[in-house]
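Here are my notes on the model, as numbered points. Please read them with the structure open.

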Amino acid sequence: MSVQSAAADVDVDLRQLFASLARNWLRIVLFVLVVTGLAFAFASLATKHYKAQTQVEIAPRESVYTRPAGSNNDGDKPILDEQGVATQVQIISSNEILKQVAQKLNLSRLPEFDEASNMSYLSRVLVLLGLRNDPTDVPLDERVLKKMREKLNVFGVEKTRIIAIEFSSEDPKLAAAIPDAIAAAYIAGQGAAKSESNTAAADFLAPEIADLSKQVRDAEAKVAAYRGQSGLLMGGNNATLATQQLAELSTELSRVRANRAAAEGTADNVRKALQNGGSLDSLPEVLSSDLIQRLRERQVELRATIADLSTTMLDNHPRVRAAKSQLADLDAQIRSEAQKIMKGLVMQADAAKARESQLISDVNQLKAASAQAGNEQVGLDALQRDAAAKRQQLELYLTNYREAASRQDRNYVPVDARVSSPASVPSEPYFPKVGPIVGAAAAASLLLAAIFTLLRELFSGRAMRPAPGARFAPIDEVAMPPTTYQEQAAQEPSVRLEPAVASANHDAAGAQWPETVPEPEMVVQSQPVAEPVATAAPAAKVEAVSVAEPEPAVEAQRPRSVLGEIDIEKAAEKLIASGAARAIFVSPEGDEAAASAILVAREVSDAGLRVLLLDLTASGAASRPMLDSGLFPGITDLLASQAQFSDVIHADLYSDCHVIPVGTADPVRAMRAADRLPIIMQSLTTAYDLVVVECGPADAQGISRLGGQATEVFLSMLEPDDEVTKAAVKLIESGYPDLTLVTPLGHEPPGTPGRRSAA
């Protein structure tokens, strides 16, 4: 049998990689010093530039005493919003203002602003060769404006109505003078614009006022003429005479009608009282008569006299009869006087009715006259509205003209801007900053040199090392003896598999493998045989267990060790002694070999530890004998999120061990969540002293997610054949050098009839 190298993967040796920085420190330091020196020379020899700033506040400057009467009285309210400030920024940086400043300060004479005056020889050669445009082809004013724009920065300060004007120059005084001049030119331009607008307004209003004055006179004359022609004479309360008379007659008519109705009602009451013989004392008109009042008094006196006479005289006495006769005459006189009053009321009612008729006739005539006056009033109102509108417009024009004329005469045009912070002459240049430039150059050069050194070391391959388990020396094929397993067991009392030379560079932490590994040799501790009987794994140590000379009874029941395998008791003792938290069992021979995981888990559980067996076989070979069923929820249900830990952990029917079976969920869906296996293993390791995992015929990649700290890997075997040997060699080559072979032969798990035994 020959086994080739499993892989050629390599890892980056970080220690070797970063050690290259220490080996090349002199080169790095020299590079940094050169770059830093060049940066220092550039910063020291570069032309110094100075920057100054002027701030302009955009705010209303109109005084409360000079503000026009029709304007807003809130003088403190800003007049511009964010867009207005942005507009003023563009006005400040306009060509017109820059040209004024350039002419005022005579910037065209300065070489700093004229590119054509200080051209280098190289630039002149490039111009001659046609590789560069000749600056003299551009007018001088445009060249100056171009340089000014390159050095100028105008911006609005955020959340304010202040505009900052920054300018940089080689001359500090010029750097302060130019932004001040730009601000002054802007304010002057705004003032000139306002003055021009004021003059234009006055020039416009003067002829308009003259025309409006004439139009107002004509309109008022038309109103007066129309009123005279239509007879719309005005009375009180700004009403026409016909309308006012109609109102007065209507009031008089209402009063006459009320008097007539009252007289007719009183006359009817008196008439009814006289006709029915009723008492007249209840009628106010009768009682108000002086004659009737005197007659009533005389009547009361006669009744009193009759009463006195009746006490001494009989009714037929002349005096009594005379008194009664006088009393009857008084009643007749009262009734006669009431009739007169009734006739007077009737006459009064007739007079009121006649007056009412006359008033109704007059009201009807005035209604017609008032209707005609209303029609004529419509035309008069139109003429009055036209005259009023022209008069109002004339008054407004006169007010505005007086204000414009007064501002023009006094030359008072307040600008809505002021210089809030004039520029000061800068004492220090803003460019170049020697310290920051040199520091940045040093840091950048150091970083670049380190990166270049690391990349060179990485690409050269000196910083690469083989990945753990990636390189192995070839293993020679060793012929197996022709004898059977039983014959070898009878001939060889004990076999131990050891490597001849230990790897010097291999430790427990998985250090680097050596470039070459010497081939191991088989050392058989028994009578010599003609040929070796097993193949040892390279650069690794298979668990060596020296089996003592067994008792005769035991020798007859248990076969001898052929590949250095150990039994169940030894495997349990190894797990307990090492304090392992996880035990991973691989069974390349199939379900029959899964008995090792069951027996070891029960053995350790019987020792008093909390043990859980996780069945990851496809057929449930490890959990089915422990639960006598395969219908319990298990690891696939947990991975598919169809169950929780409490639902998938079950008790072994034959020991104190716990078991998680394969489960009943869809395996394809469960394998989609295989990345959760390390988390599940970590949780189980925390809850149990030992977690035994039966993986079936898995390879190294299949069990890579299950490992962790304090993990032991076992290979369960039944027959010492080539299949087991190949599986062991592949696991060792894949990074599991401490692999231990264990056999379940000689033990029979309870509740699992039909298993193979060593007997």
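1. Conventions. Helices (H or I, at least four residues) and strands (E, at least two) are DSSP runs, numbered from the N terminus. The model is predicted, so local features need pLDDT of at least 70 and side-chain atom pairs count only at pLDDT 80 or more, while totals for chains, interfaces and linings use all residues. Residues are numbered from 1 along each chain as its sequence is written, and side-chain values use heavy atoms, with hydrogens and water left out.

2. Overall make-up. The protein chain has 22 helices and 13 strands. Buried residues account for 38% of its 759 residues. Buried means under 20% relative accessible area, exposed over 50%, and partly exposed in between (1.4 Å probe, protein chains only). Take the contacts between residues at least 6 apart in sequence: 80% of them join residues at least 24 apart. Contact here means heavy atoms within 4.5 Å.

3. The cis peptide. Phenylalanine 431 and proline 432 are joined by a cis peptide bond, with omega about 0°. Proline 432 sits in the loop between strand 5 (418-421) and helix 12 (434-460).

4. The largest core. A nonpolar core is a set of buried Ala, Val, Leu, Ile, Met, Phe, Trp, Tyr and Cys residues joined through side-chain atoms within 4.5 Å. The largest one has 33 residues, and Ile635, Leu715 and Leu739 touch the most other members. At least two residues of this core come from each of strand 7 (582-586), strand 8 (611-615), helix 18 (635-639), helix 21 (677-687), strand 11 (690-694), strand 12 (711-716) and helix 22 (722-733). Helix 22 gives the largest share, five residues.

5. Isoleucine 635. Which residues does isoleucine 635 contact, leaving aside its neighbours within four places in sequence? The set is Leu614, Asp615, Leu616, Ile660, Pro661, Val662, Gly663, Leu677 and Ile680. There is also a second, separate core of 29 residues, which includes Val56, Val85, Val144 and Ala181.

6. Alanine 622. This residue is in the loop between strand 8 and helix 17 (624-627). Is alanine 622 buried or exposed? Alanine 622 is buried, at a relative accessible area of 0%. Neighbours within four places in sequence aside, alanine 622 contacts Ile598, Leu613, Asp615, Thr617 and Glu694. The C-alpha atoms of alanine 622 and isoleucine 660 are 9.6 Å apart, across 38 residues of chain.

7. Helix 4 against helix 7. Two packed helices are described by the angle between their axes and the distance between the axes. Axes are lines fitted to C-alpha atoms, for helices over the stretch in contact, and angles run from 0 to 180 degrees between N-to-C directions. The axes of helix 4 (residues 95-105) and helix 7 (residues 172-230) come within 9 Å and cross at roughly 130°. The two are therefore oblique to each other. Angles under 35 degrees count as roughly parallel, over 145 as roughly antiparallel, 65 to 115 as roughly perpendicular and the rest as oblique.

8. Residues at that contact. Helix 4 brings Ile97, Leu98, Gln100, Val101 and Leu105. Helix 7 brings Leu174, Ala177, Ile178, Ala181, Ile182, Ala185 and Tyr186. By class, the contact has eleven nonpolar, one polar and no charged residues. Ala, Val, Leu, Ile, Met, Phe, Trp, Tyr, Cys and Pro count as nonpolar, Asp, Glu, Lys and Arg as charged, and the others, Gly among them, as polar.

9. Helix 4 against helix 6. The axes of helix 4 and helix 6 (residues 140-151) come within 10 Å and cross at roughly 105°. Helix 4 and helix 6 are therefore roughly perpendicular to each other. Asn95, Leu98, Lys99, Val101 and Ala102 of helix 4 meet Val144, Leu145, Met148 and Arg149 of helix 6. This contact has six nonpolar, one polar and two charged residues.

10. Positive phi. Asparagine 106 is not a glycine, yet its phi is positive, about 55°. Asparagine 106 lies in the loop between helix 4 and helix 5 (121-128) and is partly exposed, at 37% relative accessible area. Alanine 710 also has a positive phi, near 55°. Alanine 710 is in the loop between strand 11 and strand 12 and is partly exposed at 42%.

11. Serine 213. Serine 213 is in helix 7 and is partly exposed, at 21% relative accessibility. Its C-alpha atom is 7.9 Å from that of arginine 391, 178 residues away along the chain.
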